[in-house]
Amino acid sequence: MQIYNTLTRQKEEFAPREPGKVAMYVCGPTTYNFIHLGNARPLVFFDTVRRYLQYKGYKVKYIQNFTDIDDKIINRAREEGEDPIRLAKRYVEEYYRDADALNVMRADVHPKVSEHLDDIVGMVKTLVDKGYAYVVDGDVYYNISRFRGYGKLSGRSLEDMQAGARVEVDRRKKHPMDFALWKAAKEGEPSWTSPWGAGRPGWHIECSAMSVKYLGNNFDIHGGGFDLIFPHHENEIAQTEAATGQPFARYWMHNGFITINQEKMSKSLGNFFLVREILDKFPPEIVRFFLLSTHYRSPLDFDDEKLSAAGRGLERVKNCLRALEEAVKTNPRPGVSNEDKALIDGLSEKVSRFNDAMDDDFNTALAVGILFDAVAEINAYLHGAAREGGAGMEALGRALEVIKTFNSVLGLFKTDRAGGIILEAQSGADSALVEGLIDIIINMRQEARARKDYAMADSLRNQLGKLGIILEDTPKGVRWKKQG
RNA sequence: GGCGACAUAGCCAAGUGGUAAGGCAGAGGACUGCAAAUCCUCCAUUCCCCAGUUCAAAUCUGGGUGUCGCCUCCA
C-alpha cells in the first residue's frame with residue numbers, strides 16, 4: 001500500500017511502526033460553530049482511510065481532537081454572552097450530530113484541550129527546560145531558530161518566511177516567526193495556572209501534547225487539511241521533536257479544499273456551507289459519496305447542481321441493491337450455472353481492482369468507478385436472469401456481499417445490526433401508517449389499470465410523485481420508493 | 001515578492017511512457033398502456049498552447065498561457 005507523504009512529497013510504501021497496528025491522529029474542529037462542508041471533507045476522508053485499514057486487517061487506534069479553547073471561541077462567546085467552555089461544549093455535541101449523520105465512526109478518543117492542561121503545561125515546561133522556548137511577560141514562545149528542521153514539512157526556509165512575513169513583528173520575539181506555546185491571561189478570559197502565571201495554551205501545542213499522550217512519540221499517520229501544513233503541522237513537528245528528541249509522525253496526509261466557484265471555502269471568506277444546511281436538502285449518503293468521488297488531494301468544487309448530479313448517480317447503486325434484495329426474496333435457484341460463475345468471477349475481479357485503487361494512496365474516485373462497474377455487471381446479470389431460469393442463490397449472495405464490502409469501506413450507507421444496508425432512513429412518523437396508505441393507493445391504481453382507466457392511473461401516480469413517492473411497474477408487481 | 005498545485009468531452013472525474021475508467025447530461029433501440037427502473041448501442045483520433053526527448057507521451061523535459069492555494073486564523 002502506497003501513501004503520499006507530505007513530508008517527503010512522494011508516495012511511500014506504507015509500513016506501520018508495529019506490524020498489524022496503525023496509530024493515527026486527525027486534527028479536529030475548533031468548536032465555535034456548526035461544522036461546514038470544508039470541515040466535513042477530512043472527517044469523511046480520514047474515516048474512510050480508517051475503514052480501509054481496518055478492512056485490510058489492521059488494528060487502528062484513531063484519535064481526533066476538539067479545540068475547545070481558542071480565540072475564536074472566546075470571541076464568539078463574548079458576542080453571545082455565553083461562557084466559552086460551555087459554548088464549545090455545545091458545539092461538540094452539534095459536531096457529533098453532523099458526523100454521525102455522515103456515517104463517520106467515533107474516534108477511539110476525542111481529546112479536548114480543556115481536559116489536557118496538565119499534559120500541555122508539561123510539554124511547554126519541557127521545551128523551556130531544554131532551551132527551545134523562552135518566557136516573556138507570562139507568554140511562552142517557541143524559539144524556531146533553535147530547531148534545525150524548521151520548515152521541512154512545508155518546504156520553506158526560515159529566510160523565505162522572514163521575507164514574506166506580513167504580520168507586524170512583536171519586538172519581544174527573538175525571531176518574527178516564533179509562535180506562542182502559552183498565552184498570558186487577559187482580563188475576562190478563561191485561564192489556567194502554570195509556572196509562568198495564569199494563561200492558556202497556544203493553538204499548536206495541544207495536538208503535540210495530546211497525540212503523544214495517546215499514541216506515543218512517533219505514531220503512524222497524522223492527517224488534516226492542506227491549510228494546516230503551515231504553520232500548524234510545521235509547528236507541531238518543531239514542538240514535539242524538540243520535546244521528545246525523536247521523529248514525530250511518520251506519514252503526513254493532507255486533504256485538498258472544498259471550493260465554491262473555484263474559490264476556497266472558509267469561514268473567514270464567509271462563503272461556507274454548513275453541513276447542517278446541506279443535510280436539510282440532501283441525504284447524507286449523497287454528501288459522503290460526493291466527497292469521495294474526487295481524489296482527496298484535489299480541490300473539490302461544490303454547488304447544489306453537482307451534488308444532485310452525484311445523487312442521481314448514487315441512485316443507480318440504490319436501485320441495484322433494491323433489485324438484488326428483491327431477487328433474493330423470490331427463492332433463487334440453488335447451484336451455480338455458467339452465468340452465475342461468470343458473475344462471481346467478474347465480481348472477484350472488481351474486488352481486486354477496488355483493493356488496488358485503495359492501496360494506491362486511497363484513490364476513492366477510482367474505487368467509486370469500480371463500484372459502478374460492479375453495479376452494471378450485477379444489473380446485466382439480473383436482467384438476463386429475469387428472462388431465463390431465474391437468478392442463482394450463490395451468485396446473488398456473492399453480489400450482495402461484494403456491494404456490502406465496498407460499502408463497509410466507503411461508508412456510504414448505514415448498516416443495521418445484521419450487516420444489512422439501510423437504504424431509506426424512514427422517520428418514525430412514517431412507517432406503518434404511511435406504508436399502509438400507499439398500498440391502498442397502489443391497489444386503487446392497479447384496479448384503474450385493469451379496467452384501462454389510464455387517466456386515473458397516471459393521475460394517482462403523478463400525485464404520489466409530487467409527494468416524493470415514485471412508483472415502478474415491474475413484471476412482478478408494483479414497487480415504490482422515496483425520491484432521492 | 002517567495003513557495004507550491006492544477007489544466008482530460010456540455011458538466012463532474014480516474015488515468016503519470018504503450019495507444020483515453022466511471023458518473024451526470026444527451027441520442028437511438030429493447031421492455032412498458034404510458035412512465036420509471038434495467039439492458040443493448042452511440043457520445044474525447046484526443047487530454048490548455050508551442051517546442052523537444054522517445055519506436056511510442058494526456059503521461060517525461062523546456063518555454064508560454066490560464067486558474068487556484070500557502071506564506072496571517074482557517075479543514
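User: Which helix holds Glu234?
Analyst: This is a predicted model, in which local features need pLDDT of at least 70, side-chain atom pairs count only at pLDDT 80 or more, and totals for chains, interfaces and linings use all residues. Residues are numbered from 1 along each chain as its sequence is written, chains are lettered from A and ligands numbered from 1 in the order in which they are written, and side-chain values use heavy atoms, with hydrogens and water left out. Helices are DSSP runs of H or I with at least four residues, numbered from the N terminus, and the one that holds Glu234 is helix 7 (residues 229-244).

User: What is the nearest side chain of opposite charge to Glu234, and how far away is it?
Analyst: Glu234 is buried, meaning under 20% relative accessible area with a 1.4 Å probe and protein chains only. A salt bridge needs a side-chain nitrogen of Lys or Arg within 4 Å of a carboxyl oxygen of Asp or Glu, and Glu234 has none. Lys and Arg count as positive and Asp and Glu as negative, while His and the chain ends are not counted; the nearest side chain of opposite charge is Arg156, at 5.6 Å.

User: Which backbone nitrogen does the side chain of Glu234 reach?
Analyst: The side chain of Glu234 also makes a polar contact with the side chain of Ser154 at 2.6 Å. The backbone nitrogen that the Glu234 side chain reaches, at 3.1 Å, is that of Lys152.

User: How many disulfides does a search of the whole structure find?
Analyst: A disulfide is a pair of cysteine sulfur atoms within 2.5 Å. The search of the whole structure gives zero.

Definitions and conventions. Helices (H or I, at least four residues) and strands (E, at least two) are DSSP runs, numbered from the N terminus. Buried means under 20% relative accessible area, exposed over 50%, partly exposed in between (1.4 Å probe, protein chains only). A polar contact is a pair of N or O atoms within 3.5 Å; within protein, one must be able to donate a hydrogen and the other to accept it, and residues adjacent in sequence count only if both atoms are side-chain atoms.
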